[in-house]
Amino acid sequence: MGNKFIFDVDGTLTPSRRGMDGEFQGYFIDFCYANEVYLVTGSDYAKTLEQVGPDVCSAVTRIYNCNGNDVWEKGVNIRTNEWTLPEDAHEWLSNKLTESTYRTRTGLHFEHRPGLVNFSIVGRNADKEQRAEYVVYDELFDERNIIAQEFNGLFPTLQATVGGETGIDIAPLGADKAQIVEDFEVEDKLYFFGDRMDPAGNDYPLSLEVDVAKSVKRWQETFELLQYFQEAKVAAT
C-alpha cells in the first residue's frame, strides 16, 4: 500500500529511442530508492536497458515491457505473453504500407515483440534524421492516428494505439498498458507519467485507471515534476 510511481520511457524519461540524460538519470535513481517506481513501455527489455541503463533497471521495482506483456524484475523475466498477429491483420497493414504517400522505407516495418507487434511506415531501422522527417509528415497528415482508427474499426478483437514517434502498437484488445493495474492493490495511490495520453496514444488506457495521470511532452518536464514533488514532500515534513 502507498504511493506507486509509474513511468513511460520514450518521450517521458528519455528522448525517443535515445539514452537517458546523465543528470536526470542520477536524480531518477535516487528517486527510485526513495520511492516505489515502475516502468511501462512498448519497447522490449533490451531496448529499455539500452535507454535508461542497468542502474535504473536495478533501482526500479519492476519493468513492464511491451505494454505489460513482458514483465521483468532486477533483470529476471517474470512472465511473458506469447501472441502472433493474425494473417488478415498483417495483410491489411502491409497494404497500408504500400499505399502510404510517405516514400522513405528503412526496413523492419513489423517488429514482433511479446504480446504485440509494432508497425511503422518509415520502419524501425530509421536513423535519427529519418525519424524526425517522418514526425513532421505525421504531424501534417495524421497518418498514424488514421491508420489506428481504421484498424480498430475493422478488427474489433484487436487494438491499435499510437506510441513513440513513428510506430503503432498492435495487440489483442485489452492487452495494453492498463493491464498492469491488476498487479497493484486497490489501496495503492498510482501516479503515472506519460507523453501519449491522447485517446489514440498508448498511454491513454492506463491514464484512465490511475489516481493521478501527468501528461508530459518531453523528459525535461518529467524531471521538473519530480523535483517539485520532492520539494513539496520535504516541505510537508
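**Exercise 1. Classify Glu111 by relative accessibility, then find its salt-bridge partner.**

Step 1: Glu111 has 17% relative accessibility, so Glu111 counts as buried (buried is under 20% relative accessible area, exposed over 50%, partly exposed in between, with a 1.4 Å probe and protein chains only).

Step 2: Its partner is Arg113, with 2.6 Å from N to O (a salt bridge is a side-chain nitrogen of Lys or Arg within 4 Å of a carboxyl oxygen of Asp or Glu).

Step 3: Arg113 is buried too, at 7% relative accessibility.

A word on the model: it is predicted, so local features need pLDDT of at least 70 and side-chain atom pairs count only at pLDDT 80 or more, while totals for chains, interfaces and linings use all residues. Residues are numbered from 1 along each chain as its sequence is written, and side-chain values use heavy atoms, leaving out hydrogens and water.

**Exercise 2. Which salt bridge does Arg218 form, and how accessible are the partners?**

Step 1: Arg218 pairs with Glu221, the closest N and O atoms lying 3.1 Å apart.

Step 2: Arg218 is partly exposed at 44%, and Glu221 is partly exposed at 21%.
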